[in-house]
Amino acid sequence: MGTPEFAVETLRALVEGGYNVVAVVTQPDKPVGRHGSVLQPPAVKQCALGLGLPVLQPEKMKDPEFVERLRAYGANLQVVVAFRMLPEVVWAMPEYGTFNVHAALLPQYRGAAPINWAVINGETRTGVSTFFLDHDIDTGRVIMREPFDIKPEHNAGDVYDGLMRLGADVCLRTLEKIVEADGHPQAIPQAELAVPGETLHPAPKIFKDTCRIDWGKPAAALHNFVRGLAPHPGAWTTLALADGKETTLKVYSAAAEGTAPGLQPGSAVKCGRRMGIVAAGGSVLTLGEVQPAGKKRMDSADFLNGLKDYAACKALTIKNEE
């Protein structure tokens with residue numbers, strides 16, 4: 001059970017590993033295009049059809065017809081990767097239960113966006129956990145945990161790719177443990193894995209407003225914020241130009257470089273050929289790859305060159321959204 005590309009690697013590994021995958025459950029096709037007239041199948045569906053596997057796409061997981069179709073396959077174990085929350089009638093169906101492949105070291109980063117939040121929070125290590133599903137989301141007994149190092153140059157996309165491959169490997173090793181233990185492998189309650197005194201960080205779903213840059217934070221924190229949202233969905237800010245026009249600017253890469261004492265957060269400065277924005281305490285975030293509204297991605301130096309004159313560049317400020 002899964003939907004995005006992240007789950008495809010695991011599905012392929014299961015098939016190539018010789019496991020009998022009797023069916024694949026994924027989200028319904030998504031309307032795309034200007035009028036939503038074209039239906040885009042999920043990445044998992046495309047992979048499953050290419051492998052000749054049956055595909056189920058329920059609108060509601062409690063739909064009686066879907067539940068009966070799923071039960072008819074007689075699976076003794078279900079694997080979930082990057083999918084929606086399941087009702088008990090589904091996760092409790094197989095004799096060996098249902099386990100999830102989660103892109104974090106549980107109990108840290110429970111939720112829909114563990115990769116993004118780990119990078120945003122400046123973590124240097126994350127990983128993959130497998131756990132049995134129960135009534136509450138991401139709280140079940142952990143079967144395996146495997147760490148993954150987040151390097152300073154990594155963005156969320158880099159970590160996504162690494163955990164996608166690691167997740168497939170950990171899934172296969174988890175299956176081996178379950179088979180060897182006849183469905184009852186050692187599984188540890190998450191409360192026993194929590195480090196005493198350590199704050200548990202959530203990983204809630206990310207929305208557009210979540211991605212807005214807060215220039216009242218230090219540049220080092222904003223550097224992590226930008227890379228934690230790159231390449232998708234992308235951090236953004238609103239710029240008020242000297243000629244009175246405004247534009248939304250997405251930021252896909254940046255660096256915390258230098259200081260600009262005495263300037264207010266949100267003030268624009270030049271950092272070599274590139275644009276810099278003053279953050280908290282006079283720290284400066286130098287923008288790398290950016291995308292103005294309605295235009296393609298470009299280096300911030302090219303964005304500056306596209307302004308009418310250098311005076312306009314100096315007058316560039318962050319619009320006050322408060």
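Q: Helices here are DSSP runs of H or I with at least four residues, strands are runs of E with at least two, and both are numbered from the N terminus. In this predicted model, where does P233 lie?
A: Start with the backbone. The peptide bond from H232 to P233 is cis, with omega near 5 degrees. As for its place, P233 lies in the loop between α7 and β9.

Q: Which residue does a cis peptide bond join to P231?
A: P231 also sits in the loop between α7 and β9, the latter covering residues 235-240. Omega of the bond is about 5 degrees, and the partner of P231 is A230.

Q: At what angle do helix α1 and helix α2 pack?
A: Two packed helices are described by the angle between their axes and the distance between the axes. Helix α1 spans residues 5-16 and helix α2 spans residues 43-50. Their axes are 8 Å apart, and the angle is about 25 degrees.

Q: Are α1 and α2 roughly parallel or roughly antiparallel to each other?
A: The crossing of this pair is right-handed. Angles under 35 degrees count as roughly parallel. The angle here is about 25 degrees. Therefore α1 and α2 are roughly parallel.

Q: How many residues of the contact of α1 with α2 are nonpolar?
A: From α1 come E5, A7, V8, L11 and R12; from α2 come A43, V44, C47 and A48. Two of the contact residues are charged, none is polar, and the nonpolar ones number seven.

Q: At roughly what angle do the axes of α1 and α6 cross?
A: This crossing is right-handed. The axes come within 9 Å, and they cross at roughly 35 degrees.

Q: How many residues of the contact of α1 with α6 are charged?
A: On the α1 side, the contact holds E5, F6, E9, T10, A13 and L14. Residues of α6 that meet them include Y160, R165, C171 and L175. The contact divides into ten nonpolar residues, two polar and, for the charged group, three.

Q: How many disulfides does the structure hold?
A: A disulfide is a covalent bond between the sulfur atoms of two cysteines. The cut-off for a pair of sulfur atoms is within 2.5 Å. The closest cysteine sulfur to that of C171 is in C47, 13 Å away and too far for a bond. The count for the structure is zero.

Q: Is C211 buried or exposed?
A: Buried means under 20% relative accessible area. C171, at 0%, counts as buried. C211 has a relative accessible area of 2%, so C211 is buried.

Q: Is P196 buried or exposed?
A: P196 has its place in the loop between α6 (156-180) and α7 (219-228). Its C-alpha atom is separated by 35 Å from that of E95, 101 residues apart along the chain. The relative accessible area of P196 is 79%, so P196 is exposed.

Q: What is the relative accessible area of T3?
A: T3 is found in the segment before α1. Leaving aside neighbours within four places in sequence, its contacts include T26, P42, V44 and F83. T3 is buried, with a relative accessible area of 17%.

Q: What is the phi of Y109?
A: Y109 lies in the loop between β6 (98-102) and α5 (114-120). Y109 is buried, at 4% relative accessible area. Phi is positive in this residue other than glycine, near 55 degrees.

Q: What is the phi of D138?
A: D138 lies in the loop between β7 (125-132) and β8 (142-149). D138 counts as buried, at 7% relative accessibility. Although D138 is not a glycine, its phi is positive, about 60 degrees.

Methods
Residues are numbered from 1 along each chain as its sequence is written. This is a predicted model: local features need pLDDT of at least 70, side-chain atom pairs count only at pLDDT 80 or more; totals for chains, interfaces and linings use all residues. Side-chain values use heavy atoms; hydrogens and water are left out. Axes are lines fitted to C-alpha atoms, for helices over the stretch in contact, and angles run from 0 to 180 degrees between N-to-C directions. Angles under 35 degrees count as roughly parallel, over 145 as roughly antiparallel, 65 to 115 as roughly perpendicular and the rest as oblique. A crossing is left-handed if the near helix is turned anticlockwise from the far one by less than a right angle, and right-handed if clockwise. Contact means heavy atoms within 4.5 Å. Ala, Val, Leu, Ile, Met, Phe, Trp, Tyr, Cys and Pro count as nonpolar, Asp, Glu, Lys and Arg as charged, and the others, Gly among them, as polar. Buried means under 20% relative accessible area, exposed over 50%, partly exposed in between (1.4 Å probe, protein chains only).
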